[in-house]
Amino acid sequence: MSRPQRIWGALPPLFLLLLLPLGAAYKPVVVVHGLFDSPSDFSPLLHFINQTHPGTNVTVVDLFDHSQSLKPLWVQVEGFRRAISPIMQNAANGVHLICYSQGGLICRALLSTMPDHNVDTFISLSAPQMGQYGDTRYLRWLFPRYVKSNLFRFCYTHLGQDVSICNYWNDPHHRDLYLNTSNFLALLNSERVNPNATAWKRNLVRIQKLVLVGGPDDGVITPWQSSLFAFYNLNETVMDMEQQLVYLQDSFGLKTLDARGAITRCLVPGVPHTAWHSNRTVYEACLAPWLS
């Protein structure tokens, strides 16, 4: 595996972790799983955290496991809010979020809609933050009658919006349909009229750090750069985060976070999608430095 590439914002150097006194109290960590996952899939991650940050209170939220993860994302957001709010309330110094795949979008929605959250670091672990548009094995299994070029016919309907994947299906060739029917991602990004846009932006930028983790060999997130807030243009050329309209207009706070050096991108090649939360290299390079 190639060495991970980290593109740092303003951050403490990794060696500061080694300077923490023995017995230091680490902030609680809350983990939100992805599509078709359950807490049992995150045993390696819990083991890594226990080794490097002993005594850390880690909660892998046991909600919307397996096929239940196909439920509409706003339904899931509300369920995770009820589960995570008490953890936040009992953490005087704040919490860290590690949110994998689809869970990364759930966590961003949580942060945007919770005015009283106390999240220090939000680690978005291979999450389709700008949406999904690709022929993957998940797509072929869930929608055998469709390919990426025609899935809009289902996803951009009222019925389709009751399926989580369709909530962040972002077809660059049917932009108007996306904007008019996407009741999750387009709203979360304030790409469509959102009366709560100002409040949601204010809530999101309360985080201290946003760590974006992804890599070119993911094989599921398409384009993989969506995990870094990049996405396709009309010609299916990937445009970087800084070229996205939601960044240029600072629609939901991304540019604000970047301007204050709060965004770190951690690129790791050679990691397939299902291995992000069990890969030691990923953990040491992209997660461990932030779990103080």
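The structure is a predicted model. Its largest nonpolar core has 66 residues, and another core, of 26 residues, lies apart from it. Helices H3 and H4 pack at an angle of about 70°.

**Helix pair H3 and H4**

- Helix H3 spans residues 73-89 and helix H4 spans residues 102-113, and their axes are 9 Å apart.
- With an angle of about 70° between them, H3 is roughly perpendicular to H4, because angles of 65 to 115 degrees count as such.
- The crossing in which H3 passes H4 is right-handed.
- On the H3 side, the contact is made by Leu73, Trp74, Gln76, Val77, Phe80, Arg81 and Ile84.
- These residues meet Gln102, Ile106, Ala109, Leu110 and Thr113 of H4.
- By type, the residues of this contact are eight nonpolar, three polar and one charged.

**Nonpolar cores**

- Within the core of 66 residues, Phe122 and Leu210 have the most contacts.
- Leaving aside residues up to four places away in sequence, Leu210 touches Phe122, Phe229, Leu254, Leu257, Ala262, Ile263 and Thr264.
- The separate core of 26 residues includes Ile98, Ala285, Cys286 and Leu291.

**Ser124**

- Ser124 belongs to strand S5, which covers residues 119-125.
- Ser124 counts as buried because its relative accessibility is 0%, and the cut-off for buried is under 20%.
- Beyond residues up to four places away in sequence, Ser124 is in contact with Cys99, Gln129, Val211, Leu212 and Val213.

Key:
Residues are numbered from 1 along each chain as its sequence is written. This is a predicted model: local features need pLDDT of at least 70, side-chain atom pairs count only at pLDDT 80 or more; totals for chains, interfaces and linings use all residues. Side-chain values use heavy atoms; hydrogens and water are left out. Axes are lines fitted to C-alpha atoms, for helices over the stretch in contact, and angles run from 0 to 180 degrees between N-to-C directions. Helices (H or I, at least four residues) and strands (E, at least two) are DSSP runs, numbered from the N terminus. Angles under 35 degrees count as roughly parallel, over 145 as roughly antiparallel, 65 to 115 as roughly perpendicular and the rest as oblique. A crossing is left-handed if the near helix is turned anticlockwise from the far one by less than a right angle, and right-handed if clockwise. Contact means heavy atoms within 4.5 Å. Ala, Val, Leu, Ile, Met, Phe, Trp, Tyr, Cys and Pro count as nonpolar, Asp, Glu, Lys and Arg as charged, and the others, Gly among them, as polar. A nonpolar core is a set of buried Ala, Val, Leu, Ile, Met, Phe, Trp, Tyr and Cys residues joined through side-chain atoms within 4.5 Å. Buried means under 20% relative accessible area, exposed over 50%, partly exposed in between (1.4 Å probe, protein chains only).
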